[in-house]
2 protein chains.
Amino acid sequence: MAGDLVVLSGGLDSTVCLAMAAAEGGRPPLAVTFDYGQRHRTEVDRAAGIAGFYRAEHLVVALDARPWGGSALTDPSIDVPTGSTGDAAGIPVTYVPARNLVFLSVALAVAEARDLDAVWTGVNAVDYSGYPDCRPEFVDAFRRVGELALKRGVEGRPVEVRTPLIDRTKADIVRAGITLGAPLALTWSCYEGGTTPCGSCDACRLRARGFAEAGVADPALV
Amino acid sequence: MAGDLVVLSGGLDSTVCLAMAAAEGGRPPLAVTFDYGQRHRTEVDRAAGIAGFYRAEHLVVALDARPWGGSALTDPSIDVPTGSTGDAAGIPVTYVPARNLVFLSVALAVAEARDLDAVWTGVNAVDYSGYPDCRPEFVDAFRRVGELALKRGVEGRPVEVRTPLIDRTKADIVRAGITLGAPLALTWSCYEGGTTPCGSCDACRLRARGFAEAGVADPALV
């Protein structure tokens, strides 16, 4: 069966990625969200609403990353920074070790089990937080290991890994989302939970700059 | 902190791999076992006993693969074969999509979060079941993507991926385990659960041949 899987965090980028997959595929993709013990449930709940908007099946994969720790996004004892965030290597404390590697690996497993042809991810290496597993060279290496890991690769029909946003600016992503009628009002980018974005964390600031540069108001803030 | 992580299934290969890591490291590694909804709990329980033998911390990672299906090892409606098992591509129905890719990705995440220097896995490409994610080319590609995914890679100190058994015969592995005093009596290879191995599944047959070729009795059968 042909079909698509989209890794959906509930944020802006993954939602626009889902909109692109839905538009190109002509039918609802499978949306996969990870419940990894992040600080708040807001993004998982938002992802469910966004999947519903697209009448997409929504699979929530539980993989509790809290026992291994090491990130401000899973360890409540580490504060989410509100200013400049990078360490010596330019990587913020909100980095979750190997997160995209783990998420994409599980996504490939699900895609193969369900005989889907492509995994889509909204990773972006332009207006991003500096996580190493968002870079194009990571994605290229992941494609290679995915081909070798899967039975489908041995059969000569690897699951494709699609990254339509990787070289887009945040403003481009906002514009693409509006053009495609994506439910941007439902998306959640803030690292903190609650009902209103904090406005000061790295994710909020990147998002605000994207909407400002696109010249449109953020519908999630209305 | 220097230190090692061993992916421990509770089987023969991963136990000998743990024995090697413990011998080389001079202190107990962290043992990580995946509870992925396999047909039976026997291997998770055995892994706990083996970790205990080495006084190793034992982390059980829950990642339920049943919702995505597609394998005789996680889907009770698919029978575990007792004879020749390969399909057209030579891959048996006991193949779990992307299993080693997922397990090694999580292992790298845990290693980085705990600042451990190496991940050890007992993958073997000689006397094995024909899974694509046990081949040396898969492991090489995984090393590459792991370097790119991790903050430690950016910092120039990637987590090493050790595969000391990859080109060994099962008989060699049995001999190595005996030499190192590994608790082979505690290991469980059978795809079925219960208290006694079935003796007829692919894993039982590979194990029996290994002990026979090494010229020793299997202590798990005594």
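This is a predicted model: local features need pLDDT of at least 70, side-chain atom pairs count only at pLDDT 80 or more; totals for chains, interfaces and linings use all residues.
Mentor: Residues are numbered from 1 along each chain as its sequence is written, while chains are lettered from A and ligands numbered from 1 in the order written.

Trainee: How do you know how chain B is related to chain A?

Mentor: Superpose them by least squares on the C-alpha atoms of residues with pLDDT of at least 70 in both. A rotation of 180° with 0.0 Å of shift along its axis puts chain B on chain A, at RMSD 0.0 Å. The two copies are therefore related as by a two-fold rotation axis. In chain B, the C-alpha of B:Leu63 is nearest the axis, at 2.8 Å.

Trainee: What makes strand 3 and strand 5 of chain A edge strands?

Mentor: Strands are DSSP runs of E, at least two residues, numbered from the N terminus. Two strands pair if DSSP finds at least two bridges between them. In chain A, five strands form an open sheet in the order 3-2-1-4-5, with parallel pairing. Strand 3 (58-62) and strand 5 (160-162) each have a single partner strand, so one side of each lacks a neighbour in the sheet.

Trainee: Why do strand 2 and strand 3 of chain A count as a pair?

Mentor: Pairing takes at least two bridges. Five bridges join strand 2 (residues 30-35) of chain A to strand 3 of chain A, and the two run parallel. A:Thr33 stands opposite A:Val60 in strand 3 of chain A.

Conventions:
Helices (H or I, at least four residues) and strands (E, at least two) are DSSP runs, numbered from the N terminus.
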